[in-house]
Amino acid sequence: MDVSERDFQTAVIDRSHAVPVVVDFWAEWCGPCRALGPLLERAVAARGGKVELAKVDVDANQTLARAYRIQGIPAVKAFRDGEVVADFVGAQPESAVKRFLDSLLPSEADDLVKRGDEASLRRALELEPARADAAVPLARLLHSRGQSDEALELLASVPGSFAADGLAARIELERADGEVGHDAARETLQEAFAALDEGDHERALELLIGALPSVDGARDEIRRVVIGILEDLGVDHPLSRQSRKRLASALY
């Protein structure tokens, strides 16, 4: 597919949020470009729609060439979620082109995580044991069934995940229910966790952060729960930005 400055945003940037898009920056006068182009086209076609190819003539689209700092051609850049995630310059053998494209495709574990059912999540962890995006949802499922010991074991296998640590802290708080401050504080935590289970993150965060001044010996666990929720929401979520400020004020 030939792409120009007029439709690059739609055909490449926007489209790359659904499927990886490989952009071949080329020119008619470029011999290596004419050699690489058919290799790319065949290799992309062989992957059955899992990756798409866009071709940009640098002579006709010099603004794009400057924007992506094209200094030599052929230059190939792979876009995913609107960003360049891999690239190479110069003609490549067919085997290298195939490896480049395969590196952009989801792994078996990626596909299993997307399915999200218990069997798929367990299989994903068999393939890639340190995947937090499989361990955390599986631990949530186990926790919801009362299998908290197995959930904690799973969460311990993915150190460095704020989401995993936040869920582990929630389980610790629930187990220490009788030791968390006074009755009102315990009721607040229970209400917060109920809101969280219902998907009401705003209410859950409001209650958890609001509880920090009145809990004895559980401030760190509540902080971990809050940070885990913010990790799930993502840095750019408006609620994350607001809650981080409130959390800092409550703690310091």
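These entries record what I looked up in the predicted model.

**Basis.** I worked from a predicted model in which local features need pLDDT of at least 70 and side-chain atom pairs count only at pLDDT 80 or more, while totals for chains, interfaces and linings use all residues. Residues are numbered from 1 along each chain as its sequence is written, and side-chain values use heavy atoms, with hydrogens and water left out.

**Entry 1: Asp24.** I located Asp24 in strand β1, residues 21–26; strands (E, at least two residues) and helices (H or I, at least four) are DSSP runs, numbered from the N terminus. Is Asp24 buried or exposed? I found it at 0% relative accessibility, which counts as buried (buried is under 20% relative accessible area, exposed over 50%, partly exposed in between, with a 1.4 Å probe and protein chains only). I then looked for a partner of its side chain and found a polar contact with the side chain of Lys55 at 2.8 Å. A polar contact is a pair of N or O atoms within 3.5 Å; within protein, one must be able to donate a hydrogen and the other to accept it, and residues adjacent in sequence count only if both atoms are side-chain atoms. Leaving aside residues up to four places away in sequence, I listed the residues that Asp24 touches, among them Gly37, Leu40, Leu53, Val56 and Pro74 (contact means heavy atoms within 4.5 Å).

**Entry 2: the loop between α3 and β3.** Pro74, one of the residues touched by Asp24, lies in the loop between α3 (62–67) and β3 (75–80). I noted that a cis peptide bond joins Ile73 and Pro74, with omega about 0 degrees. Arg69 is found in this loop as well. Its phi is positive, about 50 degrees, although Arg69 is not a glycine. I recorded Arg69 as exposed, with a relative accessible area of 72%.

**Entry 3: Asp81.** I found Asp81 in the loop between β3 and β4 (83–89). Its phi is near 55 degrees, a positive value in a residue other than glycine. At 47% relative accessibility, Asp81 counts as partly exposed.

**Entry 4: helix α5.** Which residues of α5 (108–115) are buried? I found Ala109, Leu112 and Val113. They cover an arc of only 100 degrees around the axis, so they lie on the same side of α5; the arc is that of the directions from the helix axis to the C-beta atoms. The buried residues pack against α6 (118–127) and α7 (132–144). On the face turned away from the buried side I noted the exposed residues Lys114 and Arg115. Gly116 follows α5, with a positive phi near 80 degrees.
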